[in-house]
Amino acid sequence: MKNRPIQTKQEPAMGYEAFKRALQDKIQDCVARPVNFMETESVRINETSEGLILKLDGENTAPLIYPEKLYEDYLAGMPLSMIAADAADIARKTCEYPEIPELTPENAQKSIRLALINKEQNRKLLETCPYKDVLDLAAVPRWYLDSGSFLVSNDLLQILGLTGEEILRIAERNTESEHYICRNIISVICEAGLAEGTDAGLLDGMDPVSKSPLYVLTNRTGIDGSRAVLSDRFLQEVAHQLGTDDLCLLPSSRNEMLAADIAAVGDVEIVSRIKPPIRWLEFFCHRQKTGGKAKKAFSHERSGSHA
């Protein structure tokens with residue numbers, strides 16, 4: 001929340017509990033319909049936060065706000081009325097979102113795919129859902145909508161009447177058959193730079209026709225596209241495209257993975273240090289061989305984590 005007016009009156013700041021009560025009152029003042037406020041603990045990727053659900057009467061969907069973060073804005077000088085107005089606006093806009101489809105096993109069959117997250121930093125989150133170990137990462141099932149997605153939690157399993165193993169099989173099948181993309185990183189960087197308004201002159205040294213040994217693997221949406229590496233079919237296609245039987249995969253973020261022919265990059269440990277900051281703590285090498293595949297993990301001494 002930048003470039004907002006700050007409080008001018010030097011009044012004593014409310015304590016956190018008083019702030020929460022006043023926030024709810026102010027939000028209700030901004031919304032014509034009654035608002036049901038429900039406190040909850042939100043286990044998000046890499047953190048656990050206190051949450052406050054704002055459910056308008058007659059609506060099936062409800063936004064979740066984080067009072068602790070809003071309290072920090074308040075202490076930094078943002079007027080309570082402005083914080084409440086922003087929250088009320090979120091509640092109203094949520095009513096305009098497409099409705100969540102009926103949660104049935106039939107809809108689950110076509111909507112659930114895997115997403116890769118950092119396992120070590122999401123231990124608490126992983127207690128709430130089924131998951132599959134992928135080296136030092138975890139593949140969790142998410143239900144994808146036209147816009148957005150949500151975690152398939154253990155509570156949702158009970159609603160669906162399915163086991164964790166059944167959900168993972170559905171997610172693995174859909175992940176395997178999803179359409180993925182393999183593009184040279186030079187083309188991706190040039191395209192992204194131009195789309196963001198970068199002066200074309202600054203990109204002159206990066207000829208999109210030239211090739212880097214690094215390729216970007218993702219899906220059509222670019223959201224949670226790192227799961228491309230969970231598709232054996234796609235990895236075989238990538239190896240064929242790069243003309244190699246030795247494929248090195250370098251984690252980059254939740255949304256993409258980098259790939260290269262080991263022979264083209266030489267020392268993969270050196271390559272990992274010169275590429276953009278790695279959000280995961282390891283990378284792994286996928287070797288495709290006649291009659292089978294082998295995967296080997298390598299550790300990185302890097303700070304940061306895959307979100």
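Me: What counts as a disulfide here?
Reply: A disulfide is a pair of cysteine sulfur atoms within 2.5 Å.

Me: How many disulfides does a search of the whole structure find?
Reply: The search returns 0 disulfides. Please note that the model is a predicted one.

Me: Is cysteine 129 buried or exposed?
Reply: Cysteine 129 is buried, with a relative accessibility of 4%.

Me: And what is the relative accessible area of cysteine 30?
Reply: The value for cysteine 30 is 34%, which makes this residue partly exposed.

Me: Changing topic, where is arginine 142 found?
Reply: Arginine 142 lies in strand β6, which spans residues 137-144.

Me: Which side chain of opposite charge is nearest to arginine 142, and how far away?
Reply: That side chain belongs to aspartate 224, at 4.3 Å. A salt bridge requires a distance within 4 Å, and arginine 142, although buried, has none.

Me: What polar contact joins the side chains of arginine 142 and serine 149?
Reply: The two side chains are joined by a polar contact of 3.0 Å.

Me: Which residues does arginine 142 touch, not counting those up to four places away in sequence?
Reply: They are Ser111, Ile112, Arg113, Ala115, Ser149, Phe150, Leu151, Val152, Asp224 and Arg254.

Me: Now helix α9: which residues are buried there?
Reply: In α9, residues 232-242, the buried residues are Phe234, Leu235, Val238, Ala239 and Leu242. They lie on the same side of α9 because they cover an arc of only 140 degrees around the axis.

Note on methods. Residues numbered from 1 in each chain as written. Predicted model: local features only at pLDDT ≥ 70, side-chain atom pairs only at ≥ 80, totals over all residues. Heavy atoms only, no water. Buried < 20%, exposed > 50% of the residue type's maximum accessible area, 1.4 Å probe, protein only. Helix = DSSP H or I, 4+ residues; strand = E, 2+ residues; numbered from the N terminus. Arc of directions from axis to C-beta. Lys, Arg positive; Asp, Glu negative; His and termini not counted. Polar contact = N/O pair within 3.5 Å; in protein donor to acceptor, adjacent residues only side chain to side chain. Contact = heavy atoms within 4.5 Å.
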